[in-house]
Amino acid sequence: MNVPVAPGRRILLGHTPSMLRQRVGFTSSLRAHGDIVRLFLGPLETYFLTSPELVNHVLVGEGSSFSKGIIFDRFRPFMGNGLVMSEGAFHRRQRRLMQPAFHGARLAAYADTMVRATGELTATWRAGEVRRLDADMQRLAITVVGETLFATELGRRAVAEARRSIPVVLKAGMVRALSPRFLEHVPVVPANRRFDRAVERLRQVVQEVITGWRASGEDHGDLLSMLMLARDPGTGEGMTDDQVHDEVITLLTAGSETTAVALTWLFHELARHPEVLRRVRAEVDGVVSGRAATFADVPKLEYLRRVVSEVLRMYPIWILMRRALRDVELGGVRLPAGTEVMFSPFSLHFDPRFHEDPAVFEPDRWLPERAARIPKGAYVPFGAGTRQCIGQAFAHTEITLVAATVLAGWELFPVPGVPVRLTVTSAAYPDRMPMTVVPRRAV
């Protein structure tokens, strides 16, 4: 089968300029060329999938035949061999060691941190003040995952450094990931300098926390203690300091980006859709009824959960990649071992073939009878299969509880005359999100 090459390929640079300049517009245009399209990142040939059936085949049906792709390789100097990056038996071992940290009983404890941190943030808000909501939500998301990781004073230093460095790593890292490899270590490229400095700062402070824990050996009841004390039931072995370091960096990064982006856009969409806001607020008031939200409230907030699912559809990760570990067949195309495969959750989530009126914010599309009609692979905000994000329940819980806590006490209004623009890097960021905050009692 002859696989078409996407238009816009340039000598040496391939399709990288088109991808970095047009982003979602470029990847969404590829569906017009078929279920599989050849793309070139510099000289590297990749195969881009536009079909949810093929995406599901790669993630679930043939999940063991694929490893992470070149984008993840470019982040390896930062994330090491953490859960997002590791493969095979080692990945299965690490996931098994970490899984207890995301069980229901632990999520209930994390929920208290989520609600408290949200209250501490909103306590700094003043009636009628214009807040950079994107910065507030990013800071909050990093604070939540950081405080569940670290309970010590030294850990609080790590949280502060994470707030400073992780946004730099995520934005500069995607530019590096899609650029030809020969540009990766060119020091005059500003994104490279920012990336390298942020990586080194965060590496040093996390290592200090791990060294401090080893010196005391005390179980602080935090996630770091769980990682340090975890033992493989088969061998009795725990993680090395390097392995713990990589998992901490992975959790800090993966545990903050999706949540911060989703929360920012959630409040934006609620402000744009008064009827949705009215329904959410009525549900929150009925469930929470003037007290602090709890983990037990999450399943009761059914409409808010649909709102969260819709936000995750509209503002997901842009690009994911996989690499064939052996010869595989996709849609009648034989791909040899080592082939790089790409797909775009963002483009899949806006494909009108699988989502009715995809540009419309419609939470009720996630009513069970309607959601059942969406094909597997067409909605993948957290991936799928054995590599599905281990923190999916953590993220859903956090977004729901933060939203409920804020909405119970505050009104958020767009700033007139200030447009909000979508900036797609690793995820769908707003270029800025100023909103005026007003206590509900003052409205």
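Which residues does Thr339 touch, not counting residues up to four places away in sequence? The first legend answers this for the predicted model.

View 1. Not counting residues up to four places away in sequence, Thr339 touches Tyr47, Arg322, Arg323 and Ala324. The side chain of Thr339 also reaches the backbone oxygen of Pro336, at 2.7 Å. Thr339 counts as buried because its relative accessibility is 9%, and buried means under 20%.

**View 2. Arg23 in the loop between H1 and helix H2 (24-29).** The phi angle of Arg23 is near 50 degrees, a positive value in a residue other than glycine. Most residues other than glycine have a negative phi. With 15% relative accessibility, Arg23 counts as buried.

**View 3. Ser289 in the loop between helix H12 (274-288) and helix H13 (302-314).** Ser289 is a residue other than glycine with a positive phi, near 50 degrees. Its relative accessibility is 57%, so Ser289 counts as exposed; the cut-off for exposed is over 50%.

**View 4. A nonpolar surface patch made by Ile11, Leu12 and Leu13.** The patch has an area of about 350 Å². One of its residues, Ile11, lies in the segment before helix H1 (16-22). Ile11 counts as exposed, since its relative accessibility is 77%.

Conventions. Residues numbered from 1 in each chain as written. Predicted model: local features only at pLDDT ≥ 70, side-chain atom pairs only at ≥ 80, totals over all residues. Heavy atoms only, no water. Patch = residues over 30% accessible without salt bridge, like charges linked within 9 Å, V, L, I, M, F, W, Y side chains within 5 Å. Areas by Shrake-Rupley, 256 points an atom, 1.4 Å probe, with all protein chains shown as cover. Salt bridge = Lys/Arg side-chain N within 4 Å of Asp/Glu carboxyl O. Helix = DSSP H or I, 4+ residues; strand = E, 2+ residues; numbered from the N terminus. Buried < 20%, exposed > 50% of the residue type's maximum accessible area, 1.4 Å probe, protein only. Polar contact = N/O pair within 3.5 Å; in protein donor to acceptor, adjacent residues only side chain to side chain. Contact = heavy atoms within 4.5 Å.
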